[in-house]
Amino acid sequence: MPLRTLPSGLTRRLFRLPVHLYRRNLGRLLGNRFVYLVHRGRRSGLPRETVLEVVRHRERTDEVTVVSGWGRSSNWYRNITAEPALEIRIGGRRHVRPHQRVLEESETAELLEEYVARHPYAARVLARLTDWPLLTPQGRAELSRQLPAVSFLPRADEAPSPREPDSRGDG
């Protein structure tokens, strides 16, 4: 059920374009829809980077949750389960050594349900392109067994403070 082949050639270059935006501190152009992840290679020990689609972003805490489309065999996923992430960037914000947690299957199914509700068009396109059974509860339950989800949360000393109402009192 995970995507079958890793992208190569032109597709890989297209997928890598957002990395170059983040390298130039232009990640804010992508808003909160993508997250830049820096991790260490489990064998090489070298820093690696990727940009992933954000499936859920909780603005108040800046928690970011992603799903591994290539399942547990994805290099970034294997690397962060061997050694925690070094850094994430979302929008114009950077969090060093965020807390990370692999979600339980039931949480992943709920996450996918939220995603379908929030992004119905993207969910239909994704389901069509990948043959994932994303559009039914049974399909999402099946996907949650195959595709792990990971939540990243800024460390307490980096977490944004709760938003204060503005001075007009209507915020």
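Over which residues does pLDDT stay under 50? Let me begin there, since what I am showing is a predicted model, in which local features need pLDDT of at least 70 and side-chain atom pairs count only at pLDDT 80 or more, while totals for chains, interfaces and linings use all residues. Residues are numbered from 1 along each chain as its sequence is written, and side-chain values use heavy atoms, with hydrogens and water left out. The stretch in question is residues 161-171, where pLDDT, the predictor's confidence in each residue on a scale from 0 to 100, stays under 50 and the model has four contacts beyond four places in sequence, a contact being heavy atoms within 4.5 Å. Where pLDDT is low, the predicted coordinates should not be read in detail. For the protein chain, the mean pLDDT is 85, and 83% of the residues reach 70 or more.

Turning to the overall layout, the protein chain has five helices and eight strands, which are DSSP runs numbered from the N terminus, with H or I over at least four residues for helices and E over at least two for strands. From the N terminus on, the order is α-β-β-β-β-α-β-β-β-α-α-α-β. Of the 171 residues in the protein chain, 38% are buried, where buried means under 20% relative accessible area, exposed over 50% and partly exposed in between, with a 1.4 Å probe and protein chains only. Among contacts with a separation of 6 or more, 63% come from residues 24 or more positions apart.

Next, the helix packing. Helix α3, residues 105-118, and helix α4, residues 120-130, pack at an angle of about 115 degrees, with their axes 5 Å apart; the axes are lines fitted to C-alpha atoms, for helices over the stretch in contact, and angles run from 0 to 180 degrees between N-to-C directions. The two helices α3 and α4 are therefore roughly perpendicular, a label that covers 65 to 115 degrees, with under 35 counted as roughly parallel, over 145 as roughly antiparallel and the rest as oblique. On the α3 side the contact is made by Y115, V116, A117 and R118, and on the α4 side by P120, A122, A123 and L126.

The structure also holds two aromatic pairs, meaning rings of Phe, Tyr and Trp (its six-membered ring) whose centres lie within 6.5 Å, with planes under 30 degrees apart called stacked, over 60 edge-to-face and the rest tilted. Y22 and Y36 are stacked, at 5.2 Å centre to centre and 20 degrees between the planes, and this pair links distant parts of the chain, since Y22 sits in helix α1 (residues 9-23) and Y36 in strand β1 (residues 34-40), 14 residues apart. Y22 is buried at 1% relative accessible area, and Y36 is buried at 4%. The other pair, W76 with Y77, is edge-to-face, at 6.0 Å centre to centre and 90 degrees between the planes, and both W76 and Y77 are buried.

Leaving aside neighbours within four places in sequence, S68 is in contact with S74, W76, Y77, L147 and P148, and S68 counts as buried at 0% relative accessibility.

Finally, R145 lies in helix α5, residues 137-146, and is partly exposed, with a relative accessible area of 44%. Beyond its neighbours within four places in sequence, R145 is in contact with R72 and E105.
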